[in-house]
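Welcome to this short briefing. Have the sequence and the 3D view open side by side, and take your time with each topic.

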Amino acid sequence: MGLARWLRWHGCRVGRRLGYALLGASHLGRPRPSEIEKLLNAKIVGYPRNHAYRLRQGRMLPTFKLHDRLRAVTDLYPPAVESFLDVGCCRGYFVLDAARRPSCRLAVGIDVYEPFVLIANEVRQCLGANRAAFHLADLKSVAEQPRRFGGPFQVVLLLNAYHYLYWGSGLCADACPDHREILLRLSRVCAERVIFVARLEVDRLPDPLRKEAAASDRASDYTTARFLAAADEWFNVDVAGHVARDALLVMTKRKRNTDN
Ligand SMILES: C[S@@+](CC[C@H](N)C(=O)[O-])C[C@H]1O[C@@H](n2cnc3c(N)ncnc32)[C@H](O)[C@@H]1O
């Protein structure tokens, strides 16, 4: 890395840390979490560690990593988010943040792991986030009947979950090893743009999935190039930056080919 780039990178990082410190400072002096918040805070821990936040007097305080990821993706939201879907929403942080935006009439999170959906719903109730909803559902079910879930959605988030949709996971064995089919489903639930971060190369997959994928006859299909070629049928794809080592993509839905 050249000196100028190094300084820019560290400058940005210091700025982001400072922003986070100010957010923390804004919570200082506030009363402690209520009893119900304390109970919920005890549940909002564990895998995945980059989706951790705490509740305090009706506000969510994310870890630096989560705050930094939120900043990266919200920079890519339209000025007024009207409707929002998070696929693989985990404990609901991005959904609950979207639901707080005055322009947002509905923010929906789906996940296939029931404990995540239950805790996200408990947090929703605790915060009184009436414009948020969480469902135990996969992308296929929402794509089959988007209106049943309040879609199609202006903004769709798919962060760090694509490899599970493609290969399946310990939480949900249903795999769809076909970029075109997953992207068709995304195009059906999305009205405007998908914001996307994923590990799109076999050697970037987490263990033990990497070994399984490497041994599979689909391994040569699981590449960024193949993904982008498939996405081109429905979306204009732009690289907006990186989150850790993975590309942050904005996929804007094309006007033509609206359905299949
Ligand atoms: C690594 S976590 C990412 C969580 C969240 N998107 C984030 O970036 O903080 C992967 C999430 O995808 C969910 N997941 C796994 N397979 C899924 C599927 N087939 N459909 C929807 N969600 C799935 C998991 O339960 C988990 O919440």
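Predicted model: local features only at pLDDT ≥ 70, side-chain atom pairs only at ≥ 80, totals over all residues.

**Confidence and domains**

- Among the elements of the chain, strand β3 (residues 83-87) has the highest mean pLDDT, 99, while helix α1 (residues 3-27) has the lowest, 70.
- The chain is divided into two parts: domain 1 covers 1-30 and domain 2 covers 35-253.
- The C-alpha centres of domain 1 and domain 2 lie 25 Å apart.
- Where the two domains touch, domain 1 gives five residues and domain 2 gives seven residues.
- On the side of domain 1 that touches domain 2, you will find two nonpolar residues, one polar and two charged.

**The sheet**

- Seven strands form an open sheet, and their order is β5-β4-β3-β6-β7-β9-β8.
- The pairing in this sheet is mixed. As a reminder, strands of a sheet pair through backbone hydrogen bonds, either parallel or antiparallel.

**Strand β9 and its partners**

- Strand β9 (residues 246-253) runs antiparallel to strand β7 (residues 190-197), and five bridges join them.
- To find a pair across these strands, look for I195, which stands opposite V250 in β9.
- β8 also runs antiparallel to β9, and eight bridges join these two.
- Here you can trace G241 to L248, its bridge partner in β9.
- β8 and β9 form a hairpin with two residues between them. In the turn, A244 has a positive phi of about 50°.

**Backbone details to look for**

- Q57 has a positive phi of about 50°, although it is not a glycine.
- The peptide bond from Y47 to P48 is cis, with omega near -15°. You can find P48 in the loop between α2 (35-43) and β1 (53-56).
- G151 and P152 are also joined by a cis peptide bond, with omega about 0°. P152 is found in the loop between α6 (139-144) and β6.

**Around the ligand**

- Which residues come nearest to the ligand? Of the 22 residues around the ligand, these are H51, G88, L159, A161 and Y164.
- Two elements give two or more residues to this shell: β4 (106-111) and α7 (162-167).
- The residues of the shell divide into 14 nonpolar, five polar and three charged.

Notes. Residues numbered from 1 in each chain as written. Near = placed C-beta within 6 Å. Helix = DSSP H or I, 4+ residues; strand = E, 2+ residues; numbered from the N terminus. Nonpolar A, V, L, I, M, F, W, Y, C, P; charged D, E, K, R; others polar. pLDDT = per-residue confidence, 0-100. Domains from an automatic or database assignment. Pairing = 2+ DSSP bridges.
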